[in-house]
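Take a look at the model below.

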Amino acid sequence: MLVGETDDLSNYMRTKILSTYVLGIALSLVFTVNRVVAQDFHFTQYDKSQLTLNPALTGSFYGDWRLYNMYRSQWGGVLEEPFTTIGLGFQKPIYLENDKIAIGLFALNDQVGDMGYQTNYVSLSASYHKIVGLSEISF
């Protein structure tokens, strides 16, 4: 075997290994990156939106049902069309003998001014509460 043949073989092997790594990284990026979103919705009084805070809080109130809406407008003084976030939620507890089961639905629309970016979000939640004492509700 000549010296030149060894160099050609090692260059071929390096190229083959490098192309395998590049192909592996490209395939993993294609299959793992679904969608990149730069904005996440948030509210000033986030504790009032229980279904986005923690789905286990569904039905953690006194009453037969609960319907609420949230609205936030940001950057109104700077932009022609401000960032707007609108949310609507509904919760309904179902009381059993010593337990409580609750269901909830939350829908949200988030628009980024005149940039054309919009997010719609709908979530369904359910929770189970064990009533420990009749004089108070424990969570």
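## The aromatic pair

This is a predicted model, and the count of aromatic pairs in it comes to one. The partners are Y68 and F106. Their ring centres lie 6.5 Å apart and their planes meet at 25°, so the pair is stacked, since planes under 30 degrees apart count that way.

What does the pair tie together? Y68 lies in strand β1 and F106 lies in strand β3, so the pair links parts that are 38 residues apart in sequence.

## Buried or exposed?

Start with Y68. Its relative accessibility is 10%, so Y68 counts as buried, the cut-off being under 20%. F106 has 0% relative accessibility, so F106 counts as buried too.

## The nonpolar core

Which residues form the largest nonpolar core? There are six: F43, L51, Y68, M70, F106 and L108. Strands β1 and β3 each supply at least two residues of this core.

## A charge over two rings

R66 lies over the face of Y68, at 5.1 Å from the ring centre. R66 also lies over the face of F61, at 5.9 Å from that ring centre.

## The sheet

Now step back to the strands. Four of them form an open sheet in the order β1-β2-β3-β4, with antiparallel pairing. The edge strands are β1 (66-74) and β4 (117-130), and each pairs on one side only. On average, neighbouring strands of this sheet are turned by 10° against each other, direction ignored.

Strands of a sheet pair through backbone hydrogen bonds. How many bridges join β1 and β2? There are nine, in the antiparallel sense, and β2 spans residues 83-95. L67 stands opposite F90 of β2. N69 has L88 of β2 as its bridge partner.

## From β2 to β3

Strand β3 covers residues 99-112 and pairs with β2 over 13 bridges, again in the antiparallel sense. A hairpin of three residues joins β2 to β3.

Definitions and conventions:
Residues numbered from 1 in each chain as written. Predicted model: local features only at pLDDT ≥ 70, side-chain atom pairs only at ≥ 80, totals over all residues. Heavy atoms only, no water. Pairing = 2+ DSSP bridges. Helix = DSSP H or I, 4+ residues; strand = E, 2+ residues; numbered from the N terminus. Axes fitted to C-alpha atoms, helices over the stretch in contact; angles between N-to-C directions. Core = buried A, V, L, I, M, F, W, Y, C linked by side-chain atoms within 4.5 Å. Buried < 20%, exposed > 50% of the residue type's maximum accessible area, 1.4 Å probe, protein only. Phe/Tyr/Trp six-rings, centres within 6.5 Å; stacked < 30°, edge-to-face > 60°. Lys NZ or Arg CZ within 6 Å of the ring centre and 35° of its normal.
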